[in-house]
Amino acid sequence: MKRTVCFGAAVATLLSTGAGFADEGDTLAEVKGRDQLICGVNAGLVGFASPDANGNWTGFDIAICKAVAAAVLGDPTKVKYVPTTGQTRFTALASGEVDILSRNSTWTFSRDTDLNLDFAGINYYDGQGFMVPRSLGVSSAKELGGATICIQTGTTTELNLADYFRANNMEYQPVNIDSNAEGEQQYMAGACDAYTTDASGLAATRAAFANPDDHIILPEIISKEPLGPVVRHGDNNWGDIVRWTLYALIAAEEYGVTSANIDELASNSENPEVQRLLGTTGDLGAMIGLDADWAKRAIKASGNYGEIFAKTIGEETPIGLARGLNAQWTQGGLIYAMPFR
Amino acid sequence: MIDRASAGRQDPPFRLSMLIYDKRYRSLTFQVIVFILVMSLVWWLINNTITNLANLGKDIDFGFLFSRAGYDIPQQVIPYNSDDTHFRAALIGLLNTLLVSFLGCIAATIVGVTVGVLRLSNNWLFARLMTIYVEIFRNIPLLLWILIIFAVFTEITPAPRAYRGEEGIDLFLGMVAPTNRYTAIPAIIAARSPGALELGRIAIPWLAIIFIGLLVAAVMLRRAINARASRIQERTGQRPVTWPVNLALFVVPPIALWIIFGLYLEIPQLAGFNFSGGISVDNSFVALWLALTLYTGAFIAEIVRAGILSVSKGQSEAAFALGLRPNRTMNLVILPQALRVIVPPLISQYLNLTKNSSLAIAVGYMDLRGTLGGTTANQTGRELESILLMMLVYLAISLLISGAMNIYNSRVRLKER
């Protein structure tokens with residue numbers, strides 16, 4: 001009897017800690033009260049999210065955290081970064097351990113509905129690709145039959161990989177890994193012939209190699225991977241704040257608002273949409289529980305979407321990603337902010 | 001007189017305060033109170049969990065087990081592909097857990113008994129070496145051993161493509177190829193195969209069934225022969241020579257199988273990216289198995305040593321006085337008596353090994369923790385259900401092991417009559 005009771009108590013303790021803080025509905029009040037934004041990020045993917053030598057996090061996904069912190073708390077540095085793996089990320093968000101997940105996560109149906117998450121928008125349109133050593137002599141994913149492939153568990157890429165090889169009637173041997181760093185190590189040691197993840201992740205990983213040119217990213221893109229920041233389902237106001245902070249960064253690029261000219265434009269822009277965006281006219285901030293300058297601070301934190309892209313993962317950086325699909329809609333890309341009105 | 005005295009000592013009428021002040025009721029009272037408190041705590045925790053889950057919009061539903069899994073698993077004991085259900089994926093994981101635990105328990109016992117005996121050896125060098133082994137493995141966490149052994153495999157062994165071509169490395173002994181992913185070893189193939197027993201999607205080769213049948217028969221025959229030899233020895237004082245028959249029992253059948261079915265070794269061949277033919281034993285499996293074996297073996301060695309030391313020195317002196325050689329003394333006199341002390345702690349070592357096998361996740365070995373508690377839980381978002389199931393399964397495995405070992409224990413423990 002005693003043993004059964006102990007077991008039951010242990011089970012219940014474990015269960016309740018998993019879901020302990022989940023029912024607070026007002027994330028905005030909580031973040032303001034704490035005076036700090038807790039941001040779930042990738043445990044290390046150069047260009048997207050990685051700590052530098054001094055422990056300062058930088059990257060494309062980090063810029064979202066900074067922008068939200070600036071909009072909500074007035075200071076882009078008031079962020080605590082919590083590194084998460086592919087397996088822990090959604091649990092961390094659902095359990096309330098983090099306020100927002102800015103960690104190249106793919107927007108899928110079941111995550112949006114069954115996992116009770118809300119995707120606040122898309123900050124990078126990606127697709128799954130393969131990287132192989134040049135010496136392997138492979139030029140197409142169709143030649144990978146029988147190969148050993150490193151794959152991060154708990155990702156959409158894991159499922160896409162299984163489907164792709166099944167659809168093409170090819171065999172493969174998966175090597176399950178937990179994080180990008182581990183995958184990089186296994187791939188470099190030759191424990192797998194190919195490494196597969198989002199093409200942007202491959203580019204970022206390759207950029208960190210000593211000899212990036214010894215590795216090629218195969219032309220096949222086998223899936224759609226729309227990546228973006230995620231919040232818990234149910235707290236709609238918080239979702240709006242994150243969503244419109246992202247749109248503010250995107251709209252700023254579209255209207256030519258940069259971190260350099262933002263103060264000037266805030267006072268003398270003729271464009272009514274820019275005026276509304278920067279809080280010169282109208283009162284958009286109040287509608288989401290923030291002040292009039294929220295978007296201005298968000299844009300100032302690390303620049304507009306284009307500036308962030310260029311600084312962290314763009315063609316001038318070692319990662320060298322072209323804008324491609326991620327160009328503004330006015331430039332033939334898919335990046336599109338809803339109207340500020 | 002007597003009646004009156006006993007009537008005078010009759011229990012006073014029951015009062016509520018006696019629940020606390022009367023020694024007879026007090027212990028019961030406290031047990032009831034503690035029981036109520038514990039149960040309320042349990043109720044509160046469960047209620048809290050359900051409320052929180054409801055607030056999250058999550059319900060408890062095990063239906064996900066029967067939807068398509070969609071992911072692949074490197075090592076499979078029974079057939080599986082990504083179109084199978086999460087349930088089958090969990091089953092694959094469970095079988096992988098059982099496989100590595102079973103092989104680990106056997107190997108750890110062999111290592112433990114050998115080291116435990118050698119540690120008490122009169123040979124100074126052996127005894128010291130074994131002490132070093134035991135202390136090193138006992139005092140460094142298992143996870144580190146798993147990672148170290150895996151890293152050694154990955155870093156020092158060549159990639160399969162290093163075996164390719166004229167200037168490629170030769171296979172070890174012409175048939176074994178250690179690589180940074182797996183070790184390719186030859187498989188035994190029958191030229192005239194008797195086919196396989198089909199059980200749904202599982203096919204068990206008849207050859208394996210025949211072989212195991214012959215092995216069991218040989219073991220039983222050997223027992224009968226030895227029992228007969230003992231009877232003759234008791235009657236006549238002369239023990240008939242049994243070893244040629246015993247040897248033949250274990251040597252003749254395999255050779256006969258070899259000839260009848262035309263068995264041959266299938267040497268692994270490098271085809272494309274990887275070896276094909278033969279058997280590929282995953283490094284993650286070997287690393288986990290080796291680490292579990294060496295780590296638990298060190299603990300078992302100490303248990304064995306304690307058991308041996310618990311047998312009075314007079315026993316071995318008496319055995320030597322009878323002229324028994326040291327290894328027979330150990331096998332016939334010391335170890336049987338030591339087993340009484342050895343078996344109970346050995347049970348917990350087996351349990352530890354089985355539970356520790358869940359560290360497999362560190363090297364990407366897909367055991368129950370990797371499939372049900374890892375990918376399935378993550379892809380379906382059903383962490384709670386998965387963890388519950390996993391706890392139940394591990395509990396069941398542990399209870400089974402400890403039940404079986406307790407039966408064994410009751411057979412070897414000192415019979416008091």
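This is a predicted model: local features need pLDDT of at least 70, side-chain atom pairs count only at pLDDT 80 or more; totals for chains, interfaces and linings use all residues.
**Chain A, overall**

I started with the secondary structure of chain A and got 14 helices and 13 strands. Next I looked up the radius of gyration, which is 21 Å for chain A. A compact globule with 341 residues would come out near 20 Å, so chain A agrees with that. Along the principal axes, the C-alpha atoms of chain A fill a box of roughly 65 × 60 × 40 Å.

Then burial: 57% of the 341 residues in chain A are buried. I also checked how far along the sequence the contacts reach. Taking contacts in chain A between residues at least 6 apart, 72% of them join residues at least 24 apart.

**Chain B, overall**

The secondary structure here is 13 helices and nine strands. The radius of gyration made me stop: chain B has 29 Å, but a compact globule of 417 residues would have a value near 22 Å. I wrote down the box too, and the C-alpha atoms of chain B take up roughly 105 × 80 × 45 Å along the principal axes.

Of the 417 residues in chain B, 38% count as buried. Of the contacts in chain B with a separation of 6 or more, 64% come from residues 24 or more positions apart. Chain B exposes about 23,900 Å², and carbon and sulfur atoms account for 67% of that area.

**A helix pair in chain A**

How do α3(A) and α13(A) pack? I took helix α3 as residues 60–73 of chain A and helix α13 as residues 294–302 of chain A, and found an angle of about 145° with the axes 7 Å apart. The crossing of α3(A) past α13(A) is right-handed.

I listed who meets whom. From α3(A) come A:Ala63, A:Lys66, A:Ala67, A:Ala70 and A:Ala71; on the α13(A) side they meet A:Trp294, A:Arg297, A:Ala298, A:Ala301 and A:Ser302. Sorted by type, the residues of this contact are seven nonpolar, one polar and two charged.

**Two positive phi values in chain A**

A:Asp35 is not a glycine, yet has a positive phi of about 60°. I placed A:Asp35 in the loop between α2 (27–34) and β1 (37–42) of chain A. Its relative accessibility is 36%, so A:Asp35 counts as partly exposed.

My other entry is A:Asn116, also not a glycine, with a positive phi near 60°. A:Asn116 sits in a loop of chain A, between α5 (109–113) and β6 (117–119). Buried or exposed, I asked of A:Asn116? The relative accessible area is 15%, and the cut-off for buried is under 20%, so A:Asn116 is buried.

A:Gly201 lies in helix α8 (residues 199–207) of chain A. At 5% relative accessibility, I put A:Gly201 down as buried. Apart from neighbours within four places in sequence, A:Gly201 is in contact with A:Leu45 and A:Asp126. I also took a distance from A:Gly201 to A:Val79, which is 122 residues away along the chain: their C-alpha atoms are separated by 24 Å.

For chain B I picked B:Gly262, found in the loop between α8 (243–261) and β6 (263–266). B:Gly262 counts as buried, at 16% relative accessibility. What does B:Gly262 touch, leaving aside neighbours within four places in sequence? I found B:Ile189, B:Ala190, B:Ala191, B:Arg192 and B:Leu257. B:Ser193 is 69 residues from B:Gly262 along the chain, and the C-alpha atoms of the two are 8.3 Å apart.

**A loop valine in chain B**

Last entry: B:Val311, in the loop between α9 (283–310) and α10 (313–321) of chain B. B:Val311 is buried, with a relative accessible area of 10%. Beyond neighbours within four places in sequence, I logged contacts of B:Val311 with B:Ile334, B:Gln337 and B:Ala338. From B:Val311 to B:Thr293 I got 26 Å, C-alpha to C-alpha, for 18 residues in sequence.

Notes. Residues are numbered from 1 along each chain as its sequence is written. Chains are lettered from A and ligands numbered from 1 in the order in which they are written. Side-chain values use heavy atoms; hydrogens and water are left out. Axes are lines fitted to C-alpha atoms, for helices over the stretch in contact, and angles run from 0 to 180 degrees between N-to-C directions. Helices (H or I, at least four residues) and strands (E, at least two) are DSSP runs, numbered from the N terminus. A crossing is left-handed if the near helix is turned anticlockwise from the far one by less than a right angle, and right-handed if clockwise. Contact means heavy atoms within 4.5 Å. Ala, Val, Leu, Ile, Met, Phe, Trp, Tyr, Cys and Pro count as nonpolar, Asp, Glu, Lys and Arg as charged, and the others, Gly among them, as polar. The radius of gyration is taken over C-alpha atoms; the globule rule is 2.2 Å times the number of residues to the power 0.38. Buried means under 20% relative accessible area, exposed over 50%, partly exposed in between (1.4 Å probe, protein chains only). Accessible areas come from the Shrake-Rupley method with a 1.4 Å probe; for residues, only the protein chains shown count as cover.
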